[in-house]
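Okay, everyone, thanks for coming. Let me put the structure up and walk you through it.

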Amino acid sequence: MGSGTGGGFSGGASLAANVAKLAGKYEFNKLSGKFGVSGEGKSRVIVSDNPTATAQSFFKDLSAGGKVSEVSKGKIAIFSDKSTVFFRETSSSGGPAVNIKLTGIKGQRYKIRFEPTGWTKGKDK
Amino acid sequence: MELLGKQVGSSFSHLAGPTLWHHLTAPKVYITTEKAVIELEANCEEMKFGEEWLDISKINVDEVDVSVLEDCFENGNVYKKFSGQEIKSVSLVKDKITGSLDRVPNFEYTCHSAVAIEFAEGYLLISLEDHNLPMLSITYQENLDIETLPQVSNEFEEDLNQHFNVHREIEALKR
């Protein structure tokens, strides 16, 4: 028991590898190794014309090779090393948000909020 | 949680989950006994802490229809360790997280972070993998020693001024 077919983990897939692949597609700070720009508090921000569509696309790209589950108010992708991407269409800020948790030696965790074009730091809802 | 206490004395059948793969981490699992199918699901709620919104996870328990197991069997996400054994007891692991800024208390949160099901040969532990993400983790324990239970990771960041403390205790559920 415990094995089977139906869409498990893709061989060699990892969240860290997905992050590296997507660093050119979404705003990425090489110094901090994090997506987005500094937002209010400890969260990061990715700005686009359509925050919901961008967040959905971002989650889809980052979750490739992980095991995706529907959860209350969102989706979570869990990788074999327990690295995780957690997506919600609405968060406390009103817009979508994605939490990234990378395990291992270079582990890090942070939240990214998706804001519409025109967003500036200090003008949060 | 009372639903789990009612399973004491009954025969355990299996553990399963729609996305419970070999690494035994998933947001939702099912405990099947001769009496019922019990769903344990980790959910996240947002909670204001200072200027930050924190995601706080908790375990929800509900009885569900046996039909939820069809996909689990089809996909092979069924685990039979302790199958056929009597559930001797069910306990909850309670975590109390307190924070202090410059020694002044500024945060307090209490939750049940794990469910421990006792069998003659050991324990099945279903615990939050993380206090801030909707994930459950399954482990098998020889005993219920509070010092050796898996720790729940979290995003509560400490610095020179802000400190956090986790106090853990175990409480047995009444039958």
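So, what share of the contacts in chain A with a separation of 6 or more comes from residues 24 or more positions apart? It's 48%, where a contact means two C-beta atoms, placed from the backbone, within 7 Å.

Quick housekeeping. This is a predicted model, with local features needing pLDDT of at least 70, side-chain atom pairs counting only at pLDDT 80 or more, and totals for chains, interfaces and linings using all residues. Residues are numbered from 1 along each chain as its sequence is written, while chains are lettered from A and ligands numbered from 1 in the order in which they are written.

On to the fold. Chain A has two helices and nine strands; those are DSSP runs, H or I of at least four residues for helices and E of at least two for strands, numbered from the N terminus. Seven strands make an open, mixed sheet, ordered β3-β4-β9-β8-β7-β6-β5 in chain A, with pairing meaning at least two DSSP bridges between two strands.

Now the partner: 24 residues of chain A contact 26 of chain B. On chain A's side, β5, β6, β7 and β8 each supply at least two residues, and β5(A) gives the most, with three.
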